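Me: Got a model open here and I'd like to talk through how it's put together. Can you walk me through it?
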Amino acid sequence: MLRWLTAGESHGKALTGILDGLPSGVAIQTEDIRAALARRRLGYGRGARQKFERDEVEIVGGVLRGYTIGSPVAIIVHNSEWPKWETVMSSDPVTAEDLLIDAGRGDERESARNKPLTRPRPGHADLPGVLAYDLPEIRPVLERASARETAMRVALGTVAAAFIEQAAGIRLVSHVTGVGSVSVANDSSRPVPEDREYLDDDPMHCFDPEVSARMVTEIDAAKYCGDTLGGTVEVIAYGVPVGLGTHTQADRRLDARLAEVLMGIQAVKGVEVGLGFAGAKMRGSQLHDRIYLGGRRQTNNAGGIEGGMSNGEPIVVRAAVKPIATVPHALPTIDLVTGEESSAIHQRSDTTAVAPAAVIAEAMVALGLAGALLEHFGGYSLKQVRDSVENYNARVLERLAAQEGER
């Protein structure tokens, strides 16, 4: 069983994560994770935080001289801005006087960061979180609910992606398919893993340059109005063996597993596999992918998953990302202390974070597929898993070839 867990707050000293159950022998280095986190910071429409914040990565367990050793992989992503937040985010008690200090900069914003936050932002976890956990202010909720936590998910997902590629030849690629009212056409070509460098160089992580330019214009218009934008992202997994997941139990279905990890991303409000919602408007004779000799398909409307199991076609999943809830022209709310109507707090934020959402979604799909792969094939070492995958694939090809021979 593959298990993962993250801890840490947005402005805390560090984010930490553990990936447990990964076999030994998976090649992974700190630079691999550092490069993935750099991809997460890319994208047009990002705010000032991405310019000065750097992800300082440290692998502190489970990896020896560039290879996993079978014990839990433990990773730390340090907060380079920690000195500014050391007082207000201290794990130990601080005095009221300490919270009035301006961090030596003579800037009232430095002392303002220490003040209690009592005006919940619409669209965030602020209000339900402060009520559910019986907290005096919303900072503890804001800090943990922040999408900053996804930096660690990308780190763990990078390790998972290395495993599924080395064990089964599964390779992933992600791209942005829509921002605001601008989106790629339904029949547009999809990228392959070799296109990753092109996508990373594109300001919107979009595979269509003309659509990408329109997305930039859309973002500029929203920023001018003091507003934010959402969009859609797509992840494609190539080389997935037939039969990952199962039809026998609801929670072990591959589509259910991928939907869970994608819906767990902050701001994701919808997930679809293959044609998804568009397929619901079609007749069955149009939608379902016909099967030909050798198990071949001419279409992949199902997105590579049928009956909760991978069917040998590329897996295609999409996620809908809502507009960022920290809107520059602050939305109406209430003050939890005075009970009066007020405006929501506004800290620095992005106009849109759809481009990094694609990279985050890619990491989450890697984690989901890694868990399904280990559940199906088992093994305590990479070689054991790889041997099992190769034997299984050979058996699948043998059965399909026999059917063609009988014809």
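Me: What should I know about the source and the numbering?
Reply: It's a predicted model, where local features need pLDDT of at least 70 and side-chain atom pairs count only at pLDDT 80 or more, while totals for chains, interfaces and linings use all residues. Residues are numbered from 1 along each chain as its sequence is written, and side-chain values use heavy atoms, with hydrogens and water left out.

Me: Back to the strands, which residue is the bridge partner of Ala7 in β2?
Reply: Thr16.

Me: And what order do the strands of that open sheet come in?
Reply: Four strands, β1-β2-β7-β4, with antiparallel pairing. β1 (3-7) and β4 (55-61) are the edge strands, each pairing on one side only. On average, neighbouring strands are turned by 15 degrees against each other, direction ignored.

Me: Which strands does α1 touch when it packs on the sheet?
Reply: Helix α1 (residues 30-40) touches β4 and β7 (73-79), and its direction makes about 145 degrees with that of β4. Contact means heavy atoms within 4.5 Å. Helix α7 (residues 150-168) also packs on the sheet, touching β1, β2 and β7, at about 30 degrees to the direction of β2. Axes are lines fitted to C-alpha atoms, for helices over the stretch in contact, and angles run from 0 to 180 degrees between N-to-C directions.

Me: Where is Glu149?
Reply: In the loop between α6 (139-145) and α7.

Me: Why does Glu149 count as buried?
Reply: Because its relative accessibility is 6%; buried means under 20% relative accessible area, exposed over 50%, and partly exposed in between, with a 1.4 Å probe and protein chains only.

Me: What does its side chain make a polar contact with?
Reply: The side chain of Thr6, at 2.8 Å. A polar contact is a pair of N or O atoms within 3.5 Å; within protein, one must be able to donate a hydrogen and the other to accept it, and residues adjacent in sequence count only if both atoms are side-chain atoms. Leaving aside neighbours within four places in sequence, Glu149 is in contact with Thr6, Leu15, Arg144 and Gln266.

Me: What about Ser146, buried or exposed?
Reply: Buried, because its relative accessibility is 19%. Ser146 lies in the loop between α6 and α7, and its side chain reaches the backbone nitrogen of Arg148 at 3.0 Å. Not counting residues up to four places away in sequence, Ser146 touches Ser10 and Gln266.

Me: New topic. How many residues of β8 are buried?
Reply: Eight of the nine in strand β8 (residues 171-179). β8 pairs antiparallel with strand β10 (residues 231-238) over eight bridges, where Arg171 stands opposite Tyr238. Two bridges also join β8 to strand β9 (residues 182-183), again antiparallel.

Me: Last one, how do α10 and α13 cross?
Reply: The axes of helix α10 (residues 254-263) and helix α13 (residues 354-377) come within 9 Å and cross at roughly 145 degrees. Residues of α10 in the contact include Leu254 and Arg257, and those of α13 include Met364 and Glu375.

Methods
Two strands pair if DSSP finds at least two bridges between them.
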